Amino acid sequence: MTAYSLILAEQRGRVGLITLNRPDALNALSDAMGREILAAARAFDVDPGVGAIVITGSTRAFAAGADIKEMAQKSSVEMYQLDWFSVWDSLAKVRTPMIAAVAGHALGGGCELAMIADFIIAADNAKFGQPEIKLGVIPGMGGSQRLTRAIGKAKAMEMVLTGRVMGAAEAEQAGLVARVVPVESLLEDAMATAAVIAGMSKPVAMTAKEAVNAAYESTLTEGVRLERRLIFSCFATEDQKEGMAAFTEKRAAEFKHR
Ligand code: CAA
């Protein structure tokens with residue numbers, strides 16, 4: 001496994017675990033950290049032995065945003081030429097299902113990174129927000145789009161315009177997070193959920209992720225058409241034959257591609 005300096009990456013069973021590890025800056029997402037996260041996620045993505053990825057931070061902070069100190073003196077032209085934040089677009093292209101296990105602050109880019117994951121499991125102390133407006137900017141890692149799709153215009157607009165922070169209970173009620181769990185068991189719960197996904201056929205799980213994500217990008221008719229194509233492609237896998245045979249034979253499926 002590659003050595004990283006700002007994250008930890010390890011494999012537990014069939015789950016790839018990425019832990020943000022910049023405690024002195026509350027896991028502020030520097031450019032270098034983004035590159036490490038992407039490298040680790042891509043390595044897991046192409047590894048047939050990894051069926052799901054969990055990304056997490058510390059109990060105090062998932063991530064307190066993009067690194068403000070690194071960006072403060074940059075010009076508009078520099079940001080444009082360096083294509084700042086584009087690393088996160090690449091992360092969103094990872095096909096392996098990814099869970100964000102979020103405790104503490106998930107602010108600005110931290111909230112946006114959590115939303116790039118396929119779903120969020122939140123600790124009861126999690127706090128979500130897009131406070132960029134207080135810094136004289138707006139979200140830059142997809143927050144204005146993903147938050148609005150997740151919780152609707154009224155709440156997203158309020159959060160983006162005021163910088164208001166949302167607690168875990170409200171985030172669950174609003175549909176931003178899949179589930180809230182005690183902070184003490186966050187990682188265990190997220191890893192257990194990831195292990196369930198990793199027990200499925202990996203190509204089929206990737207296909208399911210592609211289908212759900214299409215709901216964000218297309219009309220209902222286009223989305224259903226894509227879904228139909230994708231389910232037909234599942235029938236080309238040995239794992240579909242095995243999954244349906246196992247059901248008929250009243251036994252657990254032994255997927256080949258997991
Ligand atoms: N960037 C760089 N450093 C950060 C940081 C960030 N986003 N967030 C926290 N830190 C640093 C602090 O500067 C501090 O470092 P020093 O000890 O060297 O001063 C250290 O982390 C600990 O932070 P605090 O002392 O502030 O801790 P706190 O418990 O008092 O407050 C907090 C916690 C409320 C999260 C506060 O740190 C904070 O408001 N952070 C900034 C949140 C924010 O504005 N995020 C959006 C960033 S912009 C962005 O993300 C753009 C985008 O869309 C991609």
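This briefing covers the ligand site, a surface patch and the confidence of the model. The model is predicted: local features need pLDDT of at least 70, side-chain atom pairs count only at pLDDT 80 or more, and totals for chains, interfaces and linings use all residues. Residues are numbered from 1 along each chain as its sequence is written, and side-chain values use heavy atoms, without hydrogens or water.

**Ligand shell**
- The ligand is surrounded by 23 residues (a heavy atom within 4 Å).
- Lys69, Gly109, Glu112, Glu132 and Gly140 are the closest.
- The shell has 12 nonpolar, 5 polar and 6 charged residues; Gly counts as polar, and Asp, Glu, Lys and Arg as charged.

**Polar contacts** (N or O pairs within 3.5 Å)
- The side chain of Arg60 places an N or O atom 2.9 Å from a ligand oxygen.
- Ala66 has a polar backbone atom 2.9 Å from an oxygen of the ligand.
- A ligand nitrogen is 3.0 Å from a backbone N or O atom of Ala64.
- The protein buries 64% of the 980 Å² that the ligand exposes when taken alone (Shrake-Rupley, 1.4 Å probe).

**Surface patch**
- Ile231, Phe232, Phe235 and Met244 make a nonpolar patch of about 400 Å² (residues with over 30% relative accessible area and no salt bridge, nonpolar side chains joined within 5 Å; a salt bridge pairs a Lys or Arg side-chain nitrogen with an Asp or Glu carboxyl oxygen within 4 Å).
- Phe232 belongs to helix α11, residues 220-234 (a DSSP run, H or I, of at least four residues).

**Confidence**
- Mean pLDDT (per-residue confidence, 0 to 100) is 97, and 100% of residues reach 70 or more.
- The ipTM is 0.98 and the pTM 0.97.

Notes: Polar contact = N/O pair within 3.5 Å; in protein donor to acceptor, adjacent residues only side chain to side chain. Patch = residues over 30% accessible without salt bridge, like charges linked within 9 Å, V, L, I, M, F, W, Y side chains within 5 Å. Helix = DSSP H or I, 4+ residues; strand = E, 2+ residues; numbered from the N terminus. pLDDT = per-residue confidence, 0-100.
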